[in-house]
Amino acid sequence: MKLVVQQLTLLLGFLLLTPVNVRANDLLVLLSGKHAVFEAIAAGAKKSGTNVRVLDTSETQKIRGQLSRMQDVAGIVAVGASAWEICKEQARHIPTVYCSYGNSVREGVEKQNFIIDVSTPLSEYSQLFKNSLPGAEKIAVIHKQRFATKWSLSGFEVKSYHISSWNRLKAVTNDALDWADIIWLPTDPEYTSTALAFIIKQGLRKRKPVFASSPRIIRGGALAGLTREPEAIGRYAVRWLKKNQYDQSQAVYPPSKLVVNSKVARFLGVSLNK
């Protein structure tokens, strides 16, 4: 048994010290963790017809300290905040597309970098809310990840509710439901299925519409949402890197589509139109 442990220790040491083999002109996709949306973005990037190497969480940690020595890598797609932090530390010289949530991190964004908001911005919901819920005035945004974004939406009062710990989930959710006409759940990798189920259940109990940017959450009981296909985001990120288009103001995001849970819509008596 002792010999087996020693052999495993030596193997682990070898893997951690072995350089990640990245060829010149490869594109790297760095994932912040194992998350369905992250992996779908990576799948879209790999379907772009370009030589793309995807690194998962363990490899992302292993590559720390090596990115600064990669002079010929064509570009990086950093998916999630921790991957972006690695790029800021080690790869400022490499053009990077940062796939963020709610533009949650803007610090350190250089002019050769670019941000793609994975979630559909709240601003795109304005017409949907006005057309479908004309009496609504107050929108509560409930999130776990600490977003830097200051939520605002023309014609509505918007209030952010940050779940600082899961012990606060019940109190925060009930406060938001008591105050708001609409609940919005931004795409947030720190949500758990249990937390989402609780928020949706409480929303239905109080007959408050809950909107989300994930088809999975909508199928799970949210009313509706404007969603972006993660694979399309991955393809778009690679296309940006190929074109070296550094002007953020010229961004043309993958289109969002309206997804509706018809059963919940009937229960709430809501007709939705984008």
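1. Cysteine 99 is buried, since its relative accessible area is 0%; buried here means under 20% relative accessible area, exposed over 50% and partly exposed in between, with a 1.4 Å probe and protein chains only. Cysteine 87 has 2% relative accessibility and therefore also counts as buried. A search of the whole structure finds zero disulfides, a disulfide being a pair of cysteine sulfur atoms within 2.5 Å.

2. The model is predicted: local features need pLDDT of at least 70 and side-chain atom pairs count only at pLDDT 80 or more, while totals for chains, interfaces and linings use all residues. Residues are numbered from 1 along each chain as its sequence is written, and side-chain values use heavy atoms, with hydrogens and water left out.

3. The whole structure contains seven aromatic pairs. Rings of Phe, Tyr and Trp (its six-membered ring) pair if their centres lie within 6.5 Å; planes under 30 degrees apart count as stacked, over 60 as edge-to-face and the rest as tilted. Tyrosine 125 and phenylalanine 129 form a stacked pair, because their ring centres are 5.4 Å apart and their planes stand at 25 degrees. Both tyrosine 125 and phenylalanine 129 are buried.

4. Tyrosine 125 also pairs with tryptophan 184: the centres are 5.5 Å apart and the planes at 65 degrees, so this pair is edge-to-face. Tyrosine 125 belongs to the loop between strand 5 (114–117) and helix 5 (126–132), and tryptophan 184 to strand 8 (residues 182–185), so the pair ties together parts that are 59 residues apart in sequence. Helices (H or I, at least four residues) and strands (E, at least two) are DSSP runs, numbered from the N terminus. Tryptophan 184, at 0% relative accessibility, counts as buried. Ring pairs link Tyr125, Phe129, Phe156, Trp184 and Phe211 into a cluster.

5. Two charged side chains are placed over rings. Lysine 159 lies over the face of tryptophan 179, 5.6 Å from the ring centre, and arginine 207 over the face of phenylalanine 267, 4.4 Å from the ring centre. The criterion is that NZ of Lys or CZ of Arg is within 6 Å of the ring centre and within 35 degrees of the ring normal.

6. Four salt bridges are present, each a side-chain nitrogen of Lys or Arg within 4 Å of a carboxyl oxygen of Asp or Glu. In one of them, glutamate 85 and lysine 88 have their closest N and O atoms 3.3 Å apart. Both residues lie in helix 4 (residues 81–90), three residues apart, about one turn of the helix. Glutamate 85 is partly exposed at 29% relative accessibility, whereas lysine 88 is buried at 17%.

7. Another salt bridge joins aspartate 178 to lysine 206 (2.8 Å, N to O). Aspartate 178 is in helix 6 (residues 169–179) and lysine 206 in the loop between helix 7 (193–205) and strand 9 (210–212), so the pair ties together parts that are 28 residues apart in sequence. Aspartate 178 is exposed at 56% relative accessibility, and lysine 206 is partly exposed at 26%.

8. Glutamate 231 and lysine 47 also meet through their side chains in a salt bridge (3.1 Å, N to O). Glutamate 231 lies in helix 9 and lysine 47 in the loop between helix 2 (36–46) and strand 2 (52–55), so parts that are 184 residues apart in sequence are tied together.
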